[in-house]
Amino acid sequence: MKIAVLIKQVPDTAEERTLVPATGWLDRDAADNLVDEINERALEVALRVKDADKSTEIVVLSMGPDETTKALRKALSMGADSGIHVLDGGLAGSDAARTAAVLAAALRSTNADVIVAGNESTDGRGGVVPAMIAEQLGLPLVGGLNAVELGNGTVSGERSGDSGSLQVTAQLPAVVTVTERTAEARFPNFKGILTAKRKPVTTLSVADLDVAATPAHAVVLSHSERPAREAGRKIEDDGTAGTQLAGYLIENRLV
């Protein structure tokens, strides 16, 4: 089986994130950048398949600036076999549709049996790119899985819904997205870090891909600073605290 895993380098979620005033885009120079945790979980799903079947091949794919190479090397140190880096200055600020079209074009050359990704990135929170990739490639989307089973030409797993959980199954090839309920990603070991330096990473530009050269950028018309947190309301218990609390919850439509 060949598994392609989509990864994205994002600003550290533990740090404060800001927008660039001139463009409205996320300022990626103001914080440390790292592999998005949800993508590490997607990679862990693939690595567990490889643990059970050593013939499994894993390729990681990412689109981004030069620094994205660090994210790819991190994924390789965790156990992926090779990487693909879509690097093109004209892709800066691409919207979701453009991003999906470029990634889908790069994925066609991998001939992967299954494409695994996180359900949404922690910087954009759009959660639509995997579905758009599935549409571009004409593949079924098995999205939002809390647990994944790959094998025998199928993918299956559990998806949470408003009224319970669902067991879903699809034939491969397919696009799969996972949630934060899937297994926590492993740490690279010393051997993995050393071997990652020798694993191949292919760099592609838009000119190398069968995709329209016309850029499509996300445009932010306006933005404002996040308002400061207001102090909470303090209720003194004079015998009516329960009534006050109930009134507050009703007033704010919390019950």
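User: What percentage of the 255 residues of the protein count as buried?
Analyst: This is a predicted model, in which local features need pLDDT of at least 70 and side-chain atom pairs count only at pLDDT 80 or more, while totals for chains, interfaces and linings use all residues. Residues are numbered from 1 along each chain as its sequence is written, and side-chain values use heavy atoms, with hydrogens and water left out. Buried means under 20% relative accessible area, exposed over 50%, and partly exposed in between (1.4 Å probe, protein chains only). By that criterion, the buried share of the 255 residues is 40%.

User: How many helices and strands does the protein have?
Analyst: Helices (H or I, at least four residues) and strands (E, at least two) are DSSP runs, numbered from the N terminus. The count for the protein is six helices and 11 strands.

User: In which order do the nine strands of the open sheet lie?
Analyst: Two strands pair if DSSP finds at least two bridges between them. The pairing in this open sheet is mixed, and the order of its nine strands is E9-E8-E7-E10-E6-E1-E4-E5-E11.

User: Which are the edge strands?
Analyst: An edge strand here pairs on one side only. This applies to strand E9 (164-171) and strand E11 (201-204).

User: How many residues lie between E7 and E8 in their hairpin?
Analyst: Strand E7 (residues 141-151) runs antiparallel to E8, and six bridges join them. Within this pair, Glu-149 stands opposite Ser-156 in E8. The turn of the hairpin contains Asn-152, with a positive phi of about 55°, and the number of residues between the strands is two.

User: Which residue in E9 stands opposite Ser-156?
Analyst: Strand E8 (residues 154-161) pairs with E9 in the antiparallel sense over eight bridges, and a hairpin through two residues joins E8 to E9. In E9, Ser-165 is the bridge partner of Ser-160. The residue opposite Ser-156 is Thr-169.

User: What percentage of contacts between residues at least 6 apart in sequence join residues at least 24 apart?
Analyst: Contact means heavy atoms within 4.5 Å. Among contacts in the protein between residues at least 6 apart in sequence, the share that joins residues at least 24 apart is 68%.

User: How far apart are the mean positions of the positive and negative charges of the protein?
Analyst: Lys and Arg count as positive and Asp and Glu as negative, without His and the chain ends. Each charge is placed at NZ of Lys, CZ of Arg, CG of Asp or CD of Glu. For the 26 positive and 35 negative charges, the mean positions are separated by 5 Å.
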